[in-house]
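Q: Hi, could you walk me through this one? I'm new to it.

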Amino acid sequence: MKLLFFLKRILTKYWLRSRLFYRLTLLILFVISAALVIVPVLSQPVTLRLLMTAPDVPPWNRVMVKAFEAQNPGIRLQIVEGPNATNLIEDLYTSAFLLGDSPYDLINMDVIWTPKFAAAGWLVDLTDEFSQEELSVFSAPDVEGGKYQDRLYRLPIRSDAGMLYYRRDLLEQAGYQPPKTFEELVKISKDLQEKGLVRWGYLWQGRQYEGAAAMFVEVLKGFGAFWVNPDTLEVGLDQPAAIQAVKFLQSTIQEGISPPGVTTYMEEDTRRIFQSGEAAFLRSWPYVWPLANAEGSPIQGKVGIMPMIGAEGNTGGSCLGGWGLGISKTTKHPKEALKAIRFLTSQAPQKEFVLEAGYVPSRKSLFTDPVIVAKYSYYPQFFQVVQKAVLRPPIAQYAQASDILQRYLSAALTNQMTAEQAMQNAARETRLLLEAGRTRRG
Amino acid sequence: MAKLELINLNKTFTPRIVPVKDISLSVEDGEVLTLLGPSGCGKSTVLRMIAGLEEPTKGQILIGGRDVTYLKPGDRNIAMVFQSYALYPHMTVYDNLCAGLRLKKVPQDEIDRRITEVSHILGLDDLMQRKPGQLSGGQRQRVAVGRALVRRSDVFLLDEPLSNLDALLREHVRADLKQIFSAQNAPVVYVTHDQTEAMTLSTQVAVLNNGYVQQLDAPENIYNHPANQFVAGFVGSPQMNLLTLPCQGNHALLGDFKIPLPDLPTPPPSVVLGIRPDHIHLLEADESTDRPILKGKVFLVENLGMNNLVSIRIPNSQGKAIVLRALLPPATWANRELTFTLPPELTHWFNVQSGDALVRRS
Amino acid sequence: MTATKVNTIQARYRRTGLYLLIPAIAVLLLVFAYPIGRSFWLSLFDQNLGTGLEPVFAGLNNYDRIIGDGRFWQSFWVTTRFTVITVVLELILGMGIALVLNQAFRGRNVVRTIAILPWALPTALIALGWTWIFNDQYGIANDILLRLGLIQEGINWLGDPLTATVALIVADVWKTTPFISILLLAGLQSIPGDLYEAYALEGASAWQSFYRITLPLLMPQVIIAILFRFAQAFGIFDLVQVMTGGGPGGATEVVSLYIYATAMRYLDFGYSAAMVVVTFLLLIVAVVICTVLISRYRSRTRE
Amino acid sequence: MSTTLNPDSLATPAKPRKLTVGTVLFWLAVVAIVVFCLAPILWQVLTSFKVNEDISAIPNVYFPTRFTLDHYIELFTRRPFMRYVFNSALVSVVSTVTCLLIGAPAAYALARLRPLGGRIIQAGILLITLFPGILLLQGLLEIVQAFHLGNRYLSLIIPYTAINLPLTILVMRSFYEQLPRDLEDAARVDGYNTLQMLTKIVMPLTLPALVTTGILTFIFAWNEFIFALTFITEERLKTIPVASAQIGGTSVFEIPYGPIAAATVVGTIPLVLLVLFFQRQIIQGLTAGAVKG
């Protein structure tokens, strides 16, 4: 009986068999022919490849690639479009290096990746390729951001720094000068809020992500505290000044200066609120400026910028961002890659790039270049910001350290821990982390 | 053609599961040996060992004098018909028939010749391009037999080939098989639990139980002269009456009646009496006999159609009443007092301990 | 005779069997045994950016670090919570769906097809879809809740620890309930219908027959489903990676995400190996418990 | 056969239904199941056809006011999406075929040939099905590094084959065990050796099972994320799930939902088709693999 049932089953499915054979054959043919097509027959001129976030690709292609290839006929520059999020780009570069034979010759690096990539031994040491003189044309913090343990691995191509945006119109209306300290900022905010001019005083990025670490570096600096000393690997997060810094951020929420949602905000969340005219101050990056001043923006022409401020008795500092180029150790074309870096960081292409994309330049002279200033009148002001920029700790385990900080900072900001508890935990874990590498290396 | 010999075969799966303990048999050309026994008696295992599908733990299998004990099934030149027929469902009847021959690299024209011949005998001519799923049960059975026949093997094995057919068809096919067997000369080993098949088809029957051959004999001897109590009870329907009776001198005591024992060197303290229900002789009212007369009362009548199976209670002043079953022509038997005798030539006597027949007749 | 035993039929089959197994075993050893074994070995070393990615023997240091690592234990807790909640919800829902699909009704095959669809689709893509559904601005989840008047203003689903967890659970329940209902459906179909009829003759209600017949007879499938789902949920990666990336603030960071970050982002290989080992051992413990449960259940029902 | 789903044999016999509260509730449940399973997919499909204004309209626009294929066009023009589809297909098909080629004989051996250590192997295989990919990642990465497999299809084909092997072996084994033993015995008597029997008798007979298993394997391979994310960094070689998850927009802080929805639809269509055509086989395979194991 069982057999009969089985036979029946086979037979009812028999249609499947014949068609299946047909399908399988087709499929195999398809696979074979496709495999033949893929076999890469690329014996073309030297191609340099680099990966970057999707939004960066069009301006790069329009300006940099065009200019470079025009000047260097034997070399092609290929920009690979990655995802939007920069941390995903970092992961992609990391995976590529880990796998060996990285497909990328040039590395377009965020400032915080440099120590990691350098420490892992994935970057070509460029120290001897560039003289002091050559480097002196760049903003000093940008060059610093390309170094790891005093060796140069990255040439800055684009700068970026946190800054304080304020509503010039409202401050004037209320009779205030731009604040010099956090205390003033708080006072002005409260006043403007009380007068009903704005709903919120101060906007910053408090979500648990890298942006919060960047923001916090500025506050730390503003309170005279530090995170990790890159030379001694000393951790300063549990020092009183650092705890003060956390308490300051907590207080902005408690006192209603910053919206409660600030602990979940990233750049765009804060910009939207600021741009809709609902806030007096915003801590953000240069990209906000053109958007805030765009046609149709409610705050068009009403915004001022300044370097990040500090607490009473301290100088503030802006967190340095920005991008630069390094060379992969596994590249087959190191000479061409170096040539490309020299070209791309040189005056003419960078100028054109800045004009096209509105990015902040890394070369000092471009901030005051008449053509650029004619288009971006606020660049001389940016220069001040960039010069005052501070680095996030250039340590190899920065990503890990940053995640530890973000975690506990967020815990403190969302009141799951007190500022003291959070910073003590963060300091302890950071020390453990740095210990695991250091003791055994020496 | 080749004689098949099994020498002291034993199959031990685990120390507790020993389906075949020690079996020796031989089948000559033209013989049909039936392995008969209840399920679990080891008959299928013996067949599978002959085929090479199981491997004996001990013992030897010879075909035509050649030791094939450890040869692969395919190298033994045997053919087998399976209970489920085991036709390849994805092949046509024709392909099923010639699969084995092709593997043996038999030339195509020879294959066709043999298939034509066999299909003619079995009436498969119109079915050649069908697949097993499109065949009736009887047709499948014939294809299975055909597949075995075309191989012209040294030994022909059949594992309960009729058990999946309905009763009516079974009788037809049984007759067909009988013809086919007699038409060819290879030794045939036929496994069944159906005694009718065993009786009708075989030249020799081996009754198996418990891993041993209980009796190896011609079919009629198996029925008429069971070698032991097991064979007596297994063969024949309705089952033989088997009564354990105490002895008194040269008599066995059936209730209050005395039955004379056969001639024995030393009369045992007790004995098993066997009498088939159809052999119980009912005494007519006026009939007289010199045999011991038994009396009993009918307490149950089962109508078997042609006959009635009547259960008779025989009084026993020593202990529990004894029950005998008799096969009698239809009548109103219920609650009647019956007088009957047990014909001595049809009465069997067995040793209580060993179950062996006390007297071997041939 | 015994001298030639090596070449007996059975021995030949066994040998052929072994040959047939060898390629599969080789692949399995390469892809499963080596990495796991390697992790055990590597967990005794520091190999990270601090050591220039060279392994330096560190004894049980990495395990020491794990014990003091708040993030690991948080991720562990997140994973456990996620696993328990999803498995329970999926079992309940899956049972309901299986019971419905086990009835005869018009269009049942179509519904069955639909009911296994979520399971078959790529988790990463589905996660993108759910991210969109739970978008704080344009997400349909908010829109529906608003229209129903259940909430007054839009929820930033993926921005809040609690709601992000809820969103993940919803997405996972949606994705894997079909798997459980398939397993349970198969179990239901192997329960002979006359059992119900016999029980119904004794005057049992539908609930009683579910509780007294269906549930006990379905127990093996339930345990197997739990075991499978437990292992899968405990190793969940793609859904969380795509939907929240572990955020906000590590509130949804599951163990596999942390391990992945430690290895692939922090390049802290010794440490991640130690975490792999700990997770592996925990899984084994769970499997052993489940196996014992199953065998005990089976031996009990056999008696 | 007992655990495979046969829609003709029902646990509960069909009864003529009258409109009662019970039947109404029952149909409500059916509708709920359908909505529960389909709604998220439908929403994604609708989104993919909406113009950007509709996508970001508040309150939500449910049905597109204007159908557009822009997102699909963008998908295939801005990025090598055809390549992704091709990569996914190639990796899935090759690993599926390899898996069946290796797994089916192994399953047969376990089911019928009683090889030495078969029980241990079987237990090991069962255990392995429970390992999440993350546990293997680091070790596999080393292998990939050692053999320079990074950014090669092989770096995915090998793990996919291996990861699907346990399921393949378990499912195929249970199918082989259901195969009437007499057939194989008959084949042996006919003179087939083990390999011939596998190729000429067993495999053709269990072709439906191979299809079933192959479909499951294909689905797993197509959907795999973590290895594809790690072992392939080159854009041209990415598979659909990873490539879709990494679709970037035009601004750093904006997520391009239209193209993502379109990518989701494109990436799931093959699987939806598979499920539509092979629903029965999938259910059968899953139950055979899990319950019988």
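**Chain D domains, then a sheet in chain A**

A: Happy to! Chain D splits into domain 1 (21-72) and domain 2 (79-291). Keep in mind that this is a predicted model.

Q: How far apart are the C-alpha centres of the two domains of chain D?
A: The centres of domain 1 and domain 2 of chain D are 31 Å apart. Their contact draws nine residues from domain 1 of chain D and seven residues from domain 2 of chain D.

Q: Which elements give two or more residues to the domain 1 side of that contact in chain D?
A: Those are helix H1 (21-48), helix H2 (52-55) and helix H3 (70-78) of chain D. H1(D) gives the most, with four residues. By residue type, the domain 1 side in chain D has three nonpolar, five polar and one charged.

Q: Switching to chain A, what is the strand order in the open sheet of four strands?
A: The order is S8-S9-S7-S10 (chain A), and the pairing is mixed.

Q: Why do S8 and S10 of chain A each have one side without a neighbour in the sheet?
A: Strand S8 (200-203) and strand S10 (303-306) of chain A are at the edges with a single partner strand each, so one side of each has no neighbour in the sheet. On average, neighbouring strands here are turned by 15 degrees against each other, direction ignored.

Q: And in which sense do S8(A) and S9(A) pair?
A: S8(A) pairs with strand S9 (residues 279-284) of chain A in the parallel sense, over three bridges. Leu203(A) has Leu282(A) in S9(A) as its bridge partner.

Q: Which helix packs on the sheet, touching S8 and S9 of chain A?
A: That's helix H9 (residues 182-194) of chain A, whose direction makes about 145 degrees with that of S8(A).

Methods
Residues are numbered from 1 along each chain as its sequence is written. Chains are lettered from A and ligands numbered from 1 in the order in which they are written. This is a predicted model: local features need pLDDT of at least 70, side-chain atom pairs count only at pLDDT 80 or more; totals for chains, interfaces and linings use all residues. Two strands pair if DSSP finds at least two bridges between them. Axes are lines fitted to C-alpha atoms, for helices over the stretch in contact, and angles run from 0 to 180 degrees between N-to-C directions. Two residues are in contact if their C-beta atoms, placed from the backbone, lie within 7 Å. Domain bounds come from an automatic or database domain assignment. Ala, Val, Leu, Ile, Met, Phe, Trp, Tyr, Cys and Pro count as nonpolar, Asp, Glu, Lys and Arg as charged, and the others, Gly among them, as polar.
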